[in-house]
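I set out here what I looked up in this structure, entry by entry. The sequence and model come before the notes.

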Amino acid sequence: MTLFTIRSAKVVVTLLRFTQKKSSIVATVAQQRWVSTPTVAGVCQNESKYGYDLIVIGGGSGGLACAKEAVVNGAKVACLDFVKPTPHGSKWGLGGTCVNVGCVPKKLMHQASLLGEALYDAQAYGWEIPDAENIKPDWGKLVQSVQNHIKSINWVTRVDLRDKKIEYLNGLGSFRDSHTILVKMKNDTERTVSARNIVIAVGGRPRYPDIPGAELGITSDDLFSLDKPPGRTLIVGAGYIGLECAGFLRGLGYDATVMVRSIILRGFDQQMANMVADSMVEHGVKFIHKTIPKSVEKTLHNTYLVKYINIETEEEGCDEYDTVMWAIGRKGLVEDLNLTSIGIELKNDKILVNDAEQTNVSNVYAVGDITYGRPELTPVAIHAGRLLARRLFGNSTQLMDYCNVATTVFSPLEYACVGMSEEDAAQEYGEDNIEVFHGFYKPTEFFIPQKSVRYCYVKAVAERSGDQRVLGLHYLGPVAGEVIQGFAAAVKCGLTMKILMNTVGIHPTTAEEFTRLNITKRSGADPTPASCCS
């Protein structure tokens, strides 16, 4: 005779009234099964002393991806997110840096600048554009359009969390112990939540220099919502954020100057980095090399006087700008987490993790820009977050592979790469053991408007022996990200120069230039093409 049945996604147990002994045996088996399946949210009532299976601190790309994947695999999840306003008062909604003040608005403003350039190209193709020389962008309208799109993403993200039954807490979280988080809510109340596992995905924010008047400058956290045209702008810092912002500002018609302390695009292939800078100069961006700011002062006519010094010659100078923007790097947001209370190990304001994204505290993990030594890229954080959730709740063992991650710098002439730089390959394998194939090319669409092709260039870094495994691919030209993405998959699959040279290209495209590579730097031959079709 059936007494009652317990059902869940993982197990169905029916207790039968045969004997008391048999019922006890079945109940014992059932209890053991509960303990062995902690991945099912809301099921393990007897063993659950925590409110959640997972708490994610940070509502950016990596944290949200981890939270949503955890729910798919049966976990009960809470996600905390809170944005401290910038010194200029800028703040934003759910979604993190990429959505609000990073990839998304950056790409939209980059596109706006390309459209301005396209207006002039169109005339060469026969389009009649009256008074084209006087066509100017409306900064206010551009900012409003960008912000409207961002807010739509914020809303969709919030609804998605609700639909997936992820509890969203709009508050600032800090550790009380390794399983417990104190949340200071946006409405000034406090709440304590606990979980078996905790993932830190708080990301980072821009650094400010330690100089008088630094607070007068803005950062990329402010630029995309700036309530007035930036005018003549100084961007301090020559990483990808600084170059991208300088590029689209110049493309929108504003005077843009980049102040460079040491090198362009640190961490990237330096031949390519310098070509990016040279192409930006050709587009009208100015550079001040080997220079750092000393102070910023507001003038009587609401401009900013920047005093600076050359670090090699010690020559001092000054100039006035309408806007000063800091792009000197980013810091991890660790100060509010109270990590010292649980002994989390840090390095340079980033969290140290192992190959499984696990910190030195066994149930605490970290993904994204807050982790030390990882690529600070949105797709990296997303993929790492998903894989972590699958390992925690889906019985997966797959680890994140941080090798050969492709990326793009959205400069006026875009630069994309995957794999090793020429310098890193030479250092790891030895200069005599690598071969560098390279070539300039001429995009077909550049011919009629007579656009400069001086810096359109591709390079493949490969092993010198055997089939010449490709170690790195580099591309400078239009739609660089679209070009390199497919090649990134090929590099992950072990692409060789033999395969590349035997691949038939699609003509006429710029992507096919990789299949046409046959000249090596070692040969000394001219890499400039004589014709586009032979």
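**Entry 1: Lys 107.** I looked up the exposure of Lys 107 and found it partly exposed, because its relative accessibility is 33% (buried is under 20% relative accessible area, exposed is over 50%, and partly exposed lies in between, with a 1.4 Å probe and protein chains only). I placed Lys 107 in helix α4, residues 103-124 (helices are DSSP runs of H or I with at least four residues, strands are runs of E with at least two, both numbered from the N terminus).

I note that this is a predicted model, in which local features need pLDDT of at least 70 and side-chain atom pairs count only at pLDDT 80 or more, while totals for chains, interfaces and linings use all residues. Residues are numbered from 1 along each chain as its sequence is written, and side-chain values use heavy atoms, with hydrogens and water left out.

**Entry 2: the annotated binding site.** I found Lys 107, Gly 173 and Asp 369 listed by UniProt under "binding site", in an unreviewed entry. These residues span 263 residues of sequence and are also spread in space, up to 30.8 Å between C-alpha atoms. I keep in mind that UniProt annotations may be inferred rather than shown by experiment.

**Entry 3: Asp 369.** I located Asp 369 in the loop between β20 (364-366) and α9. Asp 369 counts as partly exposed because its relative accessibility is 22%. Neighbours within four places in sequence aside, I found Asp 369 in contact with Gly 203, Gly 204, Lys 350, Pro 375, Glu 376 and Leu 377 (contact means heavy atoms within 4.5 Å).

**Entry 4: α2 against α9.** How do the axes of α2 and α9 cross, and within what distance do they come? I read a crossing of roughly 30 degrees, with the axes of α2 (residues 61-72) and α9 (residues 378-393) coming within 7 Å. The two helices are therefore roughly parallel (angles under 35 degrees). The residues of α2 that meet α9 include Ala 65, Cys 66 and Glu 69, and those on the α9 side include Ile 382, Gly 385 and Phe 393. By class, I recorded eight nonpolar, four polar and three charged residues in this contact.

**Entry 5: Gly 74.** I found Gly 74 in the loop between α2 and β4 (77-80). Gly 74 is partly exposed, with a relative accessible area of 23%.

Entry 6: UniProt places "domain: Pyridine nucleotide-disulphide oxidoreductase dimerisation" at residues 405-516, in an unreviewed entry. I noted that this span is 23% helix and 26% strand, and that its end C-alpha atoms lie 23 Å apart.

Technical notes
Axes are lines fitted to C-alpha atoms, for helices over the stretch in contact, and angles run from 0 to 180 degrees between N-to-C directions. Angles under 35 degrees count as roughly parallel, over 145 as roughly antiparallel, 65 to 115 as roughly perpendicular and the rest as oblique. Ala, Val, Leu, Ile, Met, Phe, Trp, Tyr, Cys and Pro count as nonpolar, Asp, Glu, Lys and Arg as charged, and the others, Gly among them, as polar.
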